[in-house]
Amino acid sequence: MSQPKPLNLPFDPIDRAAETWRAHFGASSAMAAVTSIMRAHQILLSQLDSLLKPYDLTFARYEALVLLTFSKTGVLPLWKIGERLMVHPTSVTNTVSRLERSGLVRRMPNPRDGRGVLAEITPAGRDVVRRATDDLMAAEFGLEMYAESELGRMFDLLRTLRVAAGDFSVPSMGQDEEHGGLL
């Protein structure tokens, strides 16, 4: 898998920043955690986009194709794609336009909504999703250094943040004893 250029620093810059933060402002656990998450996002996005480049995809375009693949008919309204991917309508329009130019999606009017637009995955789009998914799965989505149990804990910890942000509601929210977060 293509990796982003290593920094090869002789120290952990986020740990160093946390030490400096503590000296200037006080407790730094939240700052260090969020900075680590942001750096992890950069690393993962770079790795995933490198894996998807041979298919002329970015991770955002791949997610849209997968969503269409998962739908019963391979067709979804653009607003539904935006809702499910949690992105702005303009981003969906741009993503679908790129996929359409690549022949992976077909755009058509929504017969149930005169102003609405549908996106339909093409056979070429289904083929690309299958091949790209094989590559992503083989690379474990860039997280091969983690054990299955660690990935589960990571998901649970970040799920608490997503629930708190209002991404979705969970009936009978309770404290998760094992992970210290919300169920």
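## A buried serine

Begin by selecting Ser71, which is buried, since its relative accessible area is 13% and the limit for that class is under 20%. The model is a predicted one. Ser71 sits in the loop that joins α3 (59-70) to β1 (75-77).

## The whole protein

Next, display the entire chain. How many helices and strands does the protein have? There are 7 helices and 5 strands. Followed along the sequence, they give the pattern α-α-α-β-α-α-β-β-α-α-β-β. Along the principal axes, the C-alpha atoms fill a box of roughly 60 × 45 × 30 Å. The protein has 183 residues, of which 30% count as buried. Consider also the contacts in the protein with a separation of 6 or more: residues 24 or more positions apart account for 48% of them.

## Helices α1 and α2

Two packed helices are described by the angle between their axes and the distance between the axes. Select helix α1 (residues 13-25) together with α2; they pack at an angle of about 155 degrees, and their axes are 9 Å apart. Angles over 145 degrees count as roughly antiparallel, and α1 and α2 are therefore roughly antiparallel to each other. Their crossing is right-handed. To view the contact, show Ile14, Ala17, Ala18 and Trp21 on α1, and Met31, Ala32, Thr35, Ser36 and Arg39 on α2. Sorted by class, this contact of α1 with α2 has 6 nonpolar, 2 polar and 1 charged residues.

Remain here and select Thr35, a residue of helix α2 (residues 29-52). Is Thr35 buried, partly exposed or exposed? Its relative accessibility is 30%, so Thr35 counts as partly exposed. The side chain of Thr35 reaches the backbone oxygen of Met31 at 2.8 Å. Then pick the C-alpha atoms of Thr35 and Ala18: these residues are 17 apart along the chain, and the two atoms are separated by 9.5 Å.

## Helices α3 and α4

Select α3 and helix α4 (residues 78-85). They pack at an angle of about 110 degrees, with 11 Å between their axes. Angles of 65 to 115 degrees count as roughly perpendicular, and this is therefore the description that applies to α3 and α4. The crossing of α3 and α4 is right-handed. Which residues meet where α3 and α4 are in contact? On α3 they are Glu63, Ala64, Leu67 and Leu68, and on α4 they are Ile81, Arg84 and Leu85. By class, the contact of α3 with α4 has 5 nonpolar, no polar and 2 charged residues.

## Two loop residues with positive phi

Move on to Met86, in the loop between α4 and α5 (89-101). Although Met86 is not a glycine, it has a positive phi of about 60 degrees. Met86 counts as exposed because its relative accessibility is 58%.

Finally, select Phe141, in the loop between α6 (123-138) and α7 (148-164). Phe141 is not a glycine either, yet its phi is positive, at about 55 degrees. With a relative accessibility of 28%, Phe141 counts as partly exposed.

Technical notes. Residues are numbered from 1 along each chain as its sequence is written. This is a predicted model: local features need pLDDT of at least 70, side-chain atom pairs count only at pLDDT 80 or more; totals for chains, interfaces and linings use all residues. Side-chain values use heavy atoms; hydrogens and water are left out. Helices (H or I, at least four residues) and strands (E, at least two) are DSSP runs, numbered from the N terminus. Buried means under 20% relative accessible area, exposed over 50%, partly exposed in between (1.4 Å probe, protein chains only). Axes are lines fitted to C-alpha atoms, for helices over the stretch in contact, and angles run from 0 to 180 degrees between N-to-C directions. Angles under 35 degrees count as roughly parallel, over 145 as roughly antiparallel, 65 to 115 as roughly perpendicular and the rest as oblique. A crossing is left-handed if the near helix is turned anticlockwise from the far one by less than a right angle, and right-handed if clockwise. Contact means heavy atoms within 4.5 Å. Ala, Val, Leu, Ile, Met, Phe, Trp, Tyr, Cys and Pro count as nonpolar, Asp, Glu, Lys and Arg as charged, and the others, Gly among them, as polar. A polar contact is a pair of N or O atoms within 3.5 Å; within protein, one must be able to donate a hydrogen and the other to accept it, and residues adjacent in sequence count only if both atoms are side-chain atoms.
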